[in-house]
Amino acid sequence: MADTYTPPVTGTGVKATIQRIGGHLAGMIMPNIGAFIAWGLITALFIPTGWLPNESLAQMVDPIIRILLPVLIAYTGGRMVHEQRGAVVGAVAVMGVVVGTDKPMFLGAMIIGPLAALVLKYVDRFTEQRTKAGFEMLVDNFSAGIVGGAMAIVGYYAIGPVMETVTSAAGDAVEWLITNNLLPIASVLIEPAKVLFLNNAINHGVLSPLGVAEAAESGKSILFMLESNPGPGLGLLLAFLLFGPRAMRPTTPAAMIIHFFGGIHEIYFPYVLMKPRLILAVIAGGAAGVFTFMITGAGLVATPSPGSIFAYIAVTPKGGWLGSSLGILVATGVSFVIAALLLGFGRGEKSQPDAAQEAESAEITQKES
């Protein structure tokens with residue numbers, strides 16, 4: 001399932017291992033993005049500071065974020081490992097993590113869902129050759145129930161507290177960056193990792209869980225905007241359109257549409273990999289965008305996934321459009337300028353046909369004469 005959302009991974013190195021982990025994280029989160037968006041829309045509309053404040057409907061916000069979303073993640077993770085039986089056991093097991101803490105346990109769900117399914121998978125292998133005919137359903141049901149209940153207890157006493165500590169530590173680190181106005185530095189790590197197709201791992205595996213916890217307390221979070229900002233990629237593609245290799249320029253308009261309106265950021269990664277120095281442009285654009293978000297107090301109520309401008313609009317809280325739009329615009333401009341400089345404003349591209357074409361034209365002319 002993970003391969004649906006990330007490019008196929010080959011090799012056995014550290015990079016390949018990280019990409020596989022990112023693929024599994026994306027495989028658990030991406031199928032449930034609709035639920036995240038639903039929660040974001042409900043939050044944006046009905047909380048006291050929302051577009052249509054409604055105390056009764058706002059009661060859905062907390063149960064969705066604390067229970068429904070972790071259960072969906074664990075269910076999907078279990079299904080990836082052991083199909084439907086793994087999905088059911090994963091959903092049961094995550095309840096131990098959910099009730100053991102008052103924080104959204106997305107990271108815990110990503111661990112215990114596949115883990116519970118893996119345990120059941122080994123249990124099924126052990127029992128399938130030892131179960132007498134006629135007792136298969138009885139053994140299957142009880143084995144799933146026992147594993148699910150046991151893993152829920154493990155989640156309550158072990159995984160939940162550990163994940164709560166990890167989440168708190170990560171949140172403190174991010175808060176330290178914000179307090180010291182250093183959050184733009186995160187782009188130095190985020191943008192190169194994105195180009196290596198680790199964007200889903202970063203966004204859905206790290207930033208989104210932290211952002212959801214922050215949004216649950218303050219109604220919005222800047223963390224949703226660190227990786228998903230379409231500005232750096234758009235600026236890069238604009239520079240390629242005007243100053244890039246002539247053979248590549250015709251491909252950029254479609255790439256810009258897919259990237260900015262479709263939210264498929266992977267479309268611009270090959271352009272950076274083609275000219276690695278352009279990573280400096282997207283780093284600068286990303287950092288400028290984050291800085292703009294910070295000084296304008298921008299934030300989103302949920303993950304804009306895919307990272308399309310339409311998704312940004314949908315999860316922007318009331319009164320926050322100026323900050324969000326300005327951050328995207330600044331990121332686009334900075335990325336464009338730096339990329340244009342690194343491309344030499346197209347001076348390295350020939351405006352006349354190359355030598356081979358000239359020779360061919362001369363030969364044709366000589367034959368005709």
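Predicted model: local features only at pLDDT ≥ 70, side-chain atom pairs only at ≥ 80, totals over all residues.
Residues are numbered from 1 along each chain as its sequence is written. Local features need pLDDT of at least 70 and side-chain atom pairs count only at pLDDT 80 or more, while totals for chains, interfaces and linings use all residues; side-chain values use heavy atoms, with hydrogens and water left out.

**Overview. The chain has 13 helices and zero strands.** Helices (H or I, at least four residues) and strands (E, at least two) are DSSP runs, numbered from the N terminus. Of the 369 residues, 47% are buried, where buried means under 20% relative accessible area, exposed over 50% and partly exposed in between (1.4 Å probe, protein chains only). Contact means heavy atoms within 4.5 Å. Among contacts between residues at least 6 apart in sequence, 74% join residues at least 24 apart.

**View 1. The largest nonpolar core has 82 residues.** A nonpolar core is a set of buried Ala, Val, Leu, Ile, Met, Phe, Trp, Tyr and Cys residues joined through side-chain atoms within 4.5 Å. Trp39, Ile73, Phe106 and Leu236 touch the most other members. Helix 3 (residues 61-99) gives the most to this core, with 13 residues. Beyond its neighbours within four places in sequence, Ile73 is in contact with Met28, Ile29, Asn32, Phe36, Phe106, Ala109 and Met110.

**View 2. Val89 is a residue of helix 3.** Val89 counts as buried because its relative accessibility is 1%. Setting aside neighbours within four places in sequence, its contacts are Ala116, Leu120, Ala144, Val147 and Gly148. Val89 and Ser143 are 54 residues apart in sequence, and their C-alpha atoms are 9.9 Å apart in space.

**View 3. Asp124 and Arg85 form a salt bridge.** A salt bridge is a side-chain nitrogen of Lys or Arg within 4 Å of a carboxyl oxygen of Asp or Glu. By this rule the count comes to one. In the Asp124 and Arg85 pair, the closest N and O atoms are 2.9 Å apart. The pair links distant parts of the chain, with Asp124 in helix 4 (residues 106-128) and Arg85 in helix 3, 39 residues apart. Asp124 is buried, at 10% relative accessibility, whereas Arg85 is partly exposed, with a relative accessible area of 26%.

**View 4. Ser308 lies in the loop between helix 10 (279-296) and helix 11.** Ser308 counts as buried, with 4% relative accessibility. Its side chain reaches the backbone oxygen of Phe261 at 2.6 Å. Not counting residues up to four places away in sequence, Ser308 touches Phe260, Phe261, Gly262 and Gly263.

View 5. Phe310 is in helix 11 (residues 309-314) and is exposed, with a relative accessible area of 53%.

Methods:
Polar contact = N/O pair within 3.5 Å; in protein donor to acceptor, adjacent residues only side chain to side chain.
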